[in-house]
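Here is a short walk through one protein structure. Keep the model in view as you read.

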Amino acid sequence: MEELKLYAMTCGWITMPYGFFMAGETGSLAIPIPCYLIEHPKGTVLFDTGLELPLQSDDENVVKKALGGFAELTTVDFVPGEDVAKRLEAFGVDPLKINYVINSHLHFDHCGGNACVPNARIVIQKREWEAAKDEENIEKGIYVPRHYDLGHERLEIDGEHDLFGDGSVVLIPSYGHTPGHQSLKVKVDGKDVVITADACYLKASLERMTLPDAMVVNDAQAMLNNFDLFKKLKAKGAFILYGHDPKQSKSLTDGSIRQITADTLASLS
Ligand SMILES: [Zn+2]
């Protein structure tokens, strides 16, 4: 297996009803928007691209318009410099030279930055792409084509996929939050790191086996099965990086790009 480097960054924060992340909770929760950079000898990879640039606007109406149906339920904390392209540039990585973008799924907080990496090949589950092209889903505002339908080259996969053929970057199907959601397993210093994305929002989601409110669940049983899978992987020594866990995110990065090493992982509980 070739050596790779994994980096975490946070590309802004949003605040939404707590129940969107954990059923039964009231009030609101501020969540990080995480993206990951992977440097592999055979290519540079981004996992998720965060929010779209109009959400950085000072003009409330621009932000409202960009949020569409989520405007009433969402507060955005996202300033210039925090987007994925600027995070990469600050780290000395040219966004135009990113080879692959893996989108966990095509919701606005996961693919809003795809426009900034025009030369990347998008790696997406075939069934997610189909859901995102579905007229009814688009009309409901669940998927917004300007975020992802931008003419990128696309690698549509069906289930598990080993990106470089060496077991170091493996996509794992984790359908449930959306019809074609996927998570990622990365080998860092010989250890498995599982980036769940929205298959498991919070550390507490897994501990309590608690799903989000039904309105953000496409298939509840499938989501519970994903929890079981993550628990099994954790029991075998894998480190789990949750989709939007505020506390874990702060322990990984101050926002800017930070490498995740064996030491970082050892410090995670
Ligand atoms: Zn999300």
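Start with strand E2, which gives the most to the lining of the largest cavity: 4 residues. The model you are looking at is predicted. The structure holds 2 cavities of 30 Å³ or more. The largest has a volume of about 70 Å³. Its lining is made of 14 residues. Nearest the centre lie Pro34, Tyr36, Tyr242, Ser249 and Leu252.

Now turn to the largest pocket. Its volume is about 670 Å³. It is lined by 36 residues. Phe70, His107, Ile142, Met215 and Val216 are the ones that lie nearest its centre. The elements that give two or more residues to this lining are E1, helix H1 (60-67) and H3. H1 supplies the largest share, 3 residues.

Next comes the metal. Which residues coordinate the zinc ion? They are Asp109 (OD), His110 (NE2), Asp198 (OD) and His244 (NE2), at 2.0 to 2.3 Å. Along the chain, these donors follow the spacing D-H-x87-D-x45-H. His110 lies in helix H3 (residues 108-111), while His244 lies in the loop between strand E12 (239-242) and helix H8 (246-252), so the two histidines tie together parts that are 134 residues apart in sequence. Are these histidines buried or exposed? His110 is buried, with a relative accessible area of 2%. His244 is buried too, at 1%.

What is the geometry around the zinc ion? The 4 donor atoms subtend angles of 87 to 156°, which makes the arrangement irregular. The reasoning rests on a cut-off: four donors count as tetrahedral if all angles lie between 85 and 135 degrees. Ideal angles for four tetrahedral donors are 109.5 degrees.

The cysteines are the next stop. How many disulfides does a search of the whole structure find? It finds 0. Cys35 is in no disulfide, and the nearest cysteine sulfur, that of Cys11, is 3.7 Å away. The cut-off for a disulfide is a pair of cysteine sulfur atoms within 2.5 Å. Cys35 counts as buried, at 0% relative accessibility. Cys200 is another case. The closest cysteine sulfur to that of Cys200 is in Cys35, 18 Å away, which is too far for a bond. Cys200 counts as buried as well, at 1% relative accessibility.

UniProt, in an unreviewed entry, places the feature "domain: Metallo-beta-lactamase" at residues 32-244. Over residues 32-244 the chain is 25% helix and 26% strand. The end C-alpha atoms of this stretch are 6 Å apart.

Sequence distance and spatial distance can be set side by side for two pairs. Take Gly92 first. Gly92 sits in the loop between helix H2 (84-90) and strand E5 (100-102). At 66% relative accessibility, Gly92 counts as exposed. Gly92 and Tyr175 are 83 residues apart in sequence, and their C-alpha atoms are 34 Å apart in space. Then take Ile172, found in strand E9 (residues 169-173). Ile172 is buried, with a relative accessible area of 10%. Ile172 and Ser183 are 11 residues apart in sequence and 5.1 Å apart in space, C-alpha to C-alpha.

Finally, look at two backbone angles. Asp48 has a positive phi of about 70°, although it is not a glycine. Asp48 lies in the loop between strand E3 (43-47) and H1. Is Asp48 buried or exposed? At 2% relative accessibility, Asp48 counts as buried. Asp189 also has a positive phi, near 50°, in a residue other than glycine. Asp189 lies in the loop between strand E10 (182-188) and strand E11 (191-197). At 53% relative accessibility, Asp189 counts as exposed.

Note on methods: Residues are numbered from 1 along each chain as its sequence is written. This is a predicted model: local features need pLDDT of at least 70, side-chain atom pairs count only at pLDDT 80 or more; totals for chains, interfaces and linings use all residues. Side-chain values use heavy atoms; hydrogens and water are left out. Donors are N, O and S atoms within 2.8 Å of the metal (3.2 Å for Na, K and Ca); water is not among the atoms, so sites may look incomplete. Four donors count as tetrahedral if all angles lie between 85 and 135 degrees; four count as square planar and six as octahedral if opposite donors are over 155 degrees apart and all others between 65 and 115; anything else is irregular. Buried means under 20% relative accessible area, exposed over 50%, partly exposed in between (1.4 Å probe, protein chains only). UniProt positions are given in the numbering used here, feature names are shortened, and annotations may be inferred rather than shown by experiment. On a 1 Å grid over the protein atoms alone, a cavity is a set of points where a 1.4 Å probe fits but cannot get out, and a pocket is an open set with protein on both sides within 12 Å along at least five of seven lines; lining residues have an atom within 4 Å of a point. Grid points are joined across faces, edges and corners, and a volume is the space filled by probe spheres set on the points.
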